[in-house]
Amino acid sequence: MADTENSRENVAGKPMTAPETRAWFVREVLPLEAMLVRYLRHNWRDKSDIEDLLQDIYVRVYEAAKKQLPDAAKPFVFTTARNLLINRVRREHVIPIEAVADLDALDIAIDAPGPDRNVIARDELRKLQGALERLPPRCREVVVKRRIEGLSRHEIAIAMGITEDTVSAHLTDGMCALADFLYGGERP
Amino acid sequence: MSEARETRPMSAKEIKTRAAQWLERQERSDWSEKDRAELDEWLAQSTAHEVAYVRLESAWARTERLVVLRPLLPEQIASPERGGRKRFSPVLIRVAAAFAFVAVLGATSYFMLQPRDRLYSTPVGGRETLSIADGTRIELNTNTVLRARMTTDQRIVWLDRGEAFFQVKHDATHPFIVMIGEHRVTDIGTQFSVRRGSKDVQVAVTQGRVTFDAPGVASQAALLKQGDVAIASAQSMSVTRKSTQALSEELGWRRGLIVFRHTTLADAAAELNRYNRVKLIVIDPVAAKRTIGATFRTSDVELFARVAEVALGLHVTDRGNEIEISH
């Protein structure tokens, strides 16, 4: 439902307003995150860099989109990722062999069709439940109280016998972890 | 442009945590105009901030859907003749109209907008929070038009259409007044909601007290206390007392939710239709009288149709802009 609001197709090549850029990013780029993380993991030796690499790719894609909307999100995102990795490799003078080797294979992956939107909608609730179940117990309890039972921060603090600051801390942890589960799939 | 970013002070993880803290703070009741300005400033500092925030915000918004995991209440199969509002018998006041009722509620009001007045509105499905300089917060529900005149000697708002929730910073010397056509609500240190329907005005007090003037119905203003819900039409006014739980469900829209309990399908459809362009139409009277108990997001028209189909065994036809429900 909410999707129809944003689904007015933006004209490729035109600069976008800030809300348009956001909507485009959420609609077209974030669903690629799981695939992108897999790509980065496969092609980058130091796994502790993944998070920062992902951010840098997002920043480049986002800034480019503000100036000019790419024709298709997927090739654009992965080309950006590839260029970033190549630049990193050059700068750090460390050459992970498989990174270079795999770059050509990437083009094939790009042509694969994206996930069907209807399937996404149908699986959404199951996916959300799955993400929820993977949260640490206390954190999950706070998120359940907020999202399912609709309690306020204050009410949650009283119900669980913890301070409001602790409620907030659990909520922020939960927000981060849920985003990782929902977009990135298996990320730590 | 990209080189400046290389010397960033925060790691991606730290930025993500920061973005989550902003998002969490924003949901608190004391979120202010000043906080909003600080957030905007933080977002403007770097694209990394903005991207992290947009990503978390969209993921968190998706989790709103989890609300459907609230169990459907047993009354979804309750007997069809139980209506939505009947449960709360009006006890306090029922006054016949003493004078001819002049104002036609729900009619478009034409007005001169004075230079000091400010006009606020939300589209169908929209929701917005206004923070007034005096510390008062006003939350506008879907399809709402509100005018505000805030000067040194008066605080008046006109609810021309829709529904709003008020958290008033009390000031005995400058009472806060909400005008709804001819009706007037005056705060005495309060949180309350006002909804302007096509035929009536509803006022619900969640904290403190207000006075409610319904000229043409009662000669004296009614004093409403915490938990009171008053409904005034052109001919009558009734006041009922509701539990905190019932009230907070009634104000579920402040969190983007609608809660139905013993609600007829006709009433439930009408309520959802306030929030959506795709309209639910309950065709036959038999289906219209079935009752439902469930929680929906205000945008969940399709889910509602599915529940009608699967849980109530009704026939659902999707016609694009309209969804028909029949027996």
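Guide: Let's start with chain B: among its contacts with a separation of 6 or more, 53% are between residues 24 or more positions apart. A contact here is a pair of residues whose C-beta atoms, placed from the backbone, lie within 7 Å. Keep in mind that this is a predicted model, where local features need pLDDT of at least 70 and side-chain atom pairs count only at pLDDT 80 or more, while totals for chains, interfaces and linings use all residues. Residues are numbered from 1 along each chain as its sequence is written, and chains are lettered from A and ligands numbered from 1 in the order they are written.

Chain B has 327 residues, and 32% of them count as buried (20 or more other C-beta atoms within 10 Å of the residue's own; 12 or fewer is exposed, in between is partly exposed, with C-beta atoms placed from the backbone). You'll find 8 helices and 16 strands in chain B; these are DSSP runs numbered from the N terminus, helices being H or I with at least four residues and strands being E with at least two.

Now zoom in on one sheet of chain B. Its 3 strands come in the order E13-E16-E15, the sheet is open, and the pairing is mixed. Strands pair when DSSP finds at least two bridges between them. E13 (279-282) and E15 (315-318) of chain B each have a single partner strand, so they stand at the edges, with one side of each left without a neighbour in the sheet. On average, and ignoring direction, neighbouring strands here are turned by 20° against each other.

Follow E13(B) to E16 (residues 322-326) of chain B: the two run parallel and are joined by 4 bridges. For a specific spot, look at B:Ile281, which stands opposite B:Glu324 in E16(B).

What packs on this sheet? Helix H6 (residues 265-273) of chain B does, touching E13 and E16 of chain B, and its direction makes about 165° with that of E13(B). Helix H8 (residues 301-310) of chain B packs on the sheet as well, touching E13, E15 and E16 of chain B; its direction makes about 15° with that of E16(B). For these angles, axes are lines fitted to C-alpha atoms (for helices, over the stretch in contact), and values run from 0 to 180 degrees between N-to-C directions.

Definitions and conventions
Contact = placed C-beta atoms within 7 Å.
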